[in-house]
Amino acid sequence: MKKNIIGLGILVILTGIVIYTNFTNNSNEDTGPNEFDVTGDPSVEGGMITSPNHQVLEEGDTAPPIFHLKDLQGQQLSLSDVDKDLILVNFWATWCKPCVEEMPAIQQFEDKYGDQVKVLAINATATETKREKIRPFVEEGGYAFTILLDEDGTTYENYSIIGVPSSFFIDSETLEIVKMVRGPMTLEQMEQIFHEINS
């Protein structure tokens, strides 16, 4: 009988510990960025993936480096390698419908202004369900601009991305972010920004 009472007491204590640790409000703890898995939801058209846990980039800031990213052929590329006047850095993913709709306009933009603009399309590879989807998507679309893979999400975080697509027009000489666009762009919008920058 005494053993049963002791056992019951231990069980009550353990149950109390489990309830306390699982249901106590820990809102003061820094749990890092909030993450939303939207890759499996076909009704989601892009949108927020993470809330950055650092200062958001603004126009006029210096663009973070991207030297650790590789293209589809495994070659590394740095912003300083670009020999054009302007760089368009675009963050995208294959599951993002607005990104997919925007890609042909980006190709048209580079086709038209490629002598002055270098397009670097950075795939948010860490959010893709399968990395193997990227190359067939690019090949089927006939996209000839540079595709870079952000496999660990570091560049995504460094650029304070809160949703895709997101684009940055960067001066290649100073690496200053001249213009930022959150959301998809049309060819006309890209051309308007290009002409504003060069006026």
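1. Among contacts (heavy atoms within 4.5 Å) between residues at least 6 apart in sequence, 73% join residues at least 24 apart.

2. Basis of the model. The structure is predicted: local features need pLDDT of at least 70, side-chain atom pairs count only at pLDDT 80 or more, and totals for chains, interfaces and linings use all residues. Residues are numbered from 1 along each chain as its sequence is written, and side-chain values use heavy atoms, with hydrogens and water left out.

3. Confidence. pLDDT is the predictor's confidence in each residue, from 0 to 100. Its mean for the protein is 83, and 73% of residues reach 70 or more. Over residues 24-52 pLDDT stays under 50. The model still has 39 contacts beyond four places in sequence for that stretch. Where pLDDT is low, the predicted coordinates should not be read in detail.

4. Layout. The protein has five helices and eight strands. These are DSSP runs, numbered from the N terminus: helices are H or I, at least four residues, and strands are E, at least two. From the N terminus the order is α-β-β-β-α-β-α-β-α-β-β-β-α. Of the 199 residues, 41% count as buried. Buried means under 20% relative accessible area, exposed over 50%, partly exposed in between (1.4 Å probe, protein chains only).

5. Helix α5. This helix spans residues 187-197, and its buried residues are Leu-187, Met-190, Glu-191, Ile-193 and Phe-194. They lie on the same side of α5, because they cover an arc of only 160° around the axis. The arc is taken from the directions from the helix axis to the C-beta atoms. An α-helix has 3.6 residues a turn, so residues three or four places apart point the same way. The buried residues of α5 pack against β3 (86-92), α2 (97-113), β4 (117-123), β7 (166-171) and β8 (177-182).

6. Asn-90. This residue sits in strand β3. Asn-90 counts as buried because its relative accessibility is 0%. Its side chain makes polar contacts with the side chains of Glu-102 (3.1 Å) and Ser-167 (2.8 Å). A polar contact is a pair of N or O atoms within 3.5 Å; within protein, one must be able to donate a hydrogen and the other to accept it, and residues adjacent in sequence count only if both atoms are side-chain atoms. Beyond four places in sequence, the contacts of Asn-90 include Ile-106, Leu-120 and Pro-165.

7. Strands pair if DSSP finds at least two bridges between them. Ile-170 has Ile-177 in β8 as its bridge partner. Five residues lie between the strands, and Leu-175 in the turn has a positive phi of about 60°.
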